[in-house]
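Visitor: Please take a close look at one single part of this model, and then connect that part to the rest of the chain.

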Amino acid sequence: MPAKTVKAAIEELQNAVQSLEIALDGRFDKERDVSEFEDEVRRVNTDRSRLAQELDQSQFRANRLEEVNREVSRRLVTAMETIRAVLDR
């Protein structure tokens, strides 16, 4: 009887160790997944920051072009009025 009890205890211990290994593997997989997710979040945030900066620069350029366009338009109107005044003399 004692040999059977020891054998049963060893099998139980082996099953417990195997269950622990499975649990540890699952835990490591989850931690790896979380780490990969965190890396992806960092990459997305970096991209978002870069894109926001590019958008700000593009908006600045667009505003500047709009200002230049208004100035050119104003100068063209002035030039046309000057030409009309010369032709009307």
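Guide: L51 is partly exposed, at a relative accessible area of 46%, where buried means under 20%, exposed over 50% and partly exposed in between, with a 1.4 Å probe and protein chains only. This is a predicted model, in which local features need pLDDT of at least 70 and side-chain atom pairs count only at pLDDT 80 or more, while totals for chains, interfaces and linings use all residues. Residues are numbered from 1 along each chain as its sequence is written, and side-chain values use heavy atoms, with hydrogens and water left out.

L51 belongs to helix α1, which covers residues 2–87; helices (H or I, at least four residues) and strands (E, at least two) are DSSP runs, numbered from the N terminus. The protein has 1 helix and 0 strands. Between the C-alpha atoms of L51 and T82, which are 31 residues apart along the chain, the separation is 46 Å. An unreviewed UniProt entry places a "coiled-coil region" at residues 3–68, given in the numbering used here and with a shortened feature name, although such annotations may be inferred rather than shown by experiment. Over those residues the chain is 100% helix and 0% strand, with 96 Å between the end C-alpha atoms.

For the whole protein, the C-alpha atoms fill a box of roughly 130 × 10 × 5 Å along the principal axes. The radius of gyration is 38 Å, whereas a compact globule of 89 residues would have one near 12 Å; this radius is taken over C-alpha atoms, and the globule rule is 2.2 Å times the number of residues to the power 0.38. Of the 89 residues, 0% count as buried.

Turning to the charged side chains, R50 and E54 meet in a salt bridge at 3.0 Å, N to O, a term that requires a side-chain nitrogen of Lys or Arg within 4 Å of a carboxyl oxygen of Asp or Glu. R50 and E54 are 4 residues apart in helix α1 and therefore separated by about one helical turn. R50 is partly exposed at 39%, and E54 is likewise partly exposed at 35%. D39 and R42 form another salt bridge, with their closest N and O atoms 2.4 Å apart, and these two residues, 3 apart in helix α1, are also separated by about one helical turn. The count of salt bridges comes to 12.
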